[in-house]
Amino acid sequence: MSTMKGLLLESPGDVFRLAEIPRPVPAKGEILVRIKASGVNPLDTKIRSGNAAHARHPLPAILGIDMAGVVEGVGSGAEHFRRGDEVYGMTGGVGGVQGSLAQFASVDARLLARKPANLSMRQAAALPLVFITAWEGLVDRAGVHAGQKLLVLGGAGGVGHVAVQIAKSFGADVYAVDGARKADYIRSIGATPIDYASEAVEDYVARYTDGKGFDVVYDTIGGPGLDTAFKAVKRFGHVVSCLGWGTHALAPLSFKAATYSGVFTLIPLLTGEGREHHGEILAEATKLAEAGKLTPRLDGRTFKLDTVMDARPRGQADRRYRLMKSDAARALRPMASPPGQPRHAPTHALLQRGTHGGCTYFRAAAYRQGLSEQTGFDIHSGISLKPARARPPPANPEGASSLHPLHGAVHRADTDVARRPPPIDGAGPQRPVISIPPTLRSCPWIRRS
């Protein structure tokens with residue numbers, strides 16, 4: 001029997017084990033793909049930590065929802081693909097179906113499309129889940145079309161930056177809410193940036209729509225983002241969300257006679273229903289990419305199967321709120337609380353617990369030369385929260401050392417693993433990995449796991 005290498009996860013929160021496992025054989029309607037690149041999504045990290053029961057992926061299992069690769073073998077009924085074809089898709093890692101963190105996968109041919117010729121394997125592997133999620137919301141549910149004013153909440157995030165590009169390709173006038181640091185990128189993909197920290201929803205609705213509201217609002221962040229969407233939509237407009245799982249007041253939507261649609265992209269993988277449509281959607285992605293209208297953002301680093309743990313965040317939203325060290329991605333866990341009174345040493349990091357929109361998060365503060373810079377991250381859902389306003393640090397007779405603020409850094413693993421852009425200061429759907437400057441690593445409140 002032929003074998004292959006794959007990364008097995010044997011229990012929630014465990015490390016991956018690189019193992020020799022049987023190489024799959026394509027059944028009827030399947031093709032065998034030699035995997036060249038595997039995508040890492042926030043959902044992958046939730047499955048790994050045991051926080052995604054809805055994904056129905058029992059362990060031990062191979063994770064990895066997105067992939068790109070080369071056709072190695074073709075089962076009966078899948079002859080529209082041929083050996084050597086370059087393909088990509090959202091093909092497994094949920095519902096008990098083998099994921100993409102392996103050398104090969106036998107996948108349902110209906111889930112695949114031919115890879116865009118002008119994109120690398122890494123770029124292609126970064127697209128399936130986010131593109132399908134964006135397309136189902138904008139095209140299938142909202143029917144986006146030319147002339148509409150469309151608002152994307154979390155417009156520089158994974159689903160968000162793809163939604164912007166899809167909407168632009170349909171001729172919509174697109175606006176994207178995110179952090180100020182992402183404004184230049186948002187402009188580069190054709191949208192008008194809106195800084196959520198400096199402009200309230202009522203203000204930008206008045207500024208860009210004369211108070212009428214947007215025709216379509218796509219919420220990619222969930223929680224309070226969906227409430228914002230209800231306020232921003234116009235009368236008889238449409239709100240879409242891919243994270244509409246909370247409890248929300250519908251009055252702002254109902255009083256406008258507006259409508260709402262949810263997007264749950266896993267249905268075809270979990271039930272088998274609608275798999276052909278996923279392949280059709282990715283065929284549209286190929287057309288847009290080859291026409292120069294779709295480009296995914298990636299982190300520049302690459303990882304192999306035997307180094308994938310360097311790319312995958314290990315933090316969990318539990319009582320040991322963890323920082324992720326971006327250069328090694330090994331968990332750094334703060335103590336539950338510092339003993340006694342805080343000591344404001346020259347190099348000082350403070351970690352606090354809080355909640356926002358029903359989610360648990362921590363806040364990391366780094367002090368540097370008279371300034372306290374704080375950024376909160378939602379560890380559970382991967383949403384980055386609004387940075388706290390800068391304030392003077394506590395008195396320090398020894399003088400504060402010069403430190404860089406904590407930066408978010410997101411990795412994406414590969415057989416080459418790609419990763420979408422980091423949510424540093426705006427609302428985005430990706431799980432952050434926080435880089436700890438060397439001057440903070442000796443802080444007594446932080447210890448290695």
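Author: The buried residues of α7 pack against β9 (149-153), α6 (201-209), β12 (214-219), β13 (233-241), α8 (251-254) and β14 (259-262). Contact here means heavy atoms within 4.5 Å; buried means under 20% relative accessible area, exposed over 50%, and partly exposed in between (1.4 Å probe, protein chains only). Helices (H or I, at least four residues) and strands (E, at least two) are DSSP runs, numbered from the N terminus. The model is predicted: local features need pLDDT of at least 70, side-chain atom pairs count only at pLDDT 80 or more, and totals for chains, interfaces and linings use all residues. Residues are numbered from 1 along each chain as its sequence is written, and side-chain values use heavy atoms, with hydrogens and water left out.

Reader: Which residues of helix α7 are buried?

Author: In α7 (residues 224-232) they are G225, L226, A229, F230 and A232.

Reader: How is a nonpolar core to be read?

Author: In soluble globular proteins, nonpolar side chains tend to be buried together. A core is a set of buried Ala, Val, Leu, Ile, Met, Phe, Trp, Tyr and Cys residues joined through side-chain atoms within 4.5 Å. In this model the largest has 72 residues, and V94, F131, L138 and L150 have the most contacts inside it. Helix α3 (residues 128-141) gives the most to this core, with 7 residues. A second, separate core of 19 residues includes V177, I194, F230 and V239.

Reader: How many salt bridges are there, and what do they join?

Author: A salt bridge is a side-chain nitrogen of Lys or Arg within 4 Å of a carboxyl oxygen of Asp or Glu. The count comes to 13. One of them pairs E72 with R34, the closest N and O atoms being 3.2 Å apart. Because E72 lies in strand β5 (residues 66-74) and R34 in strand β3 (residues 30-39), the pair ties together parts that are 38 residues apart in sequence. E72 is buried at 16% relative accessible area, whereas R34 is partly exposed at 31%.

Reader: Where in the structure do R187 and D184 lie?

Author: An α-helix has 3.6 residues a turn, so residues three or four places apart point the same way. R187 and D184 both belong to helix α5 (residues 183-188), 3 residues apart, about one turn of the helix. Their side chains form a salt bridge at 3.0 Å, N to O. D184 is exposed, with 60% relative accessibility.
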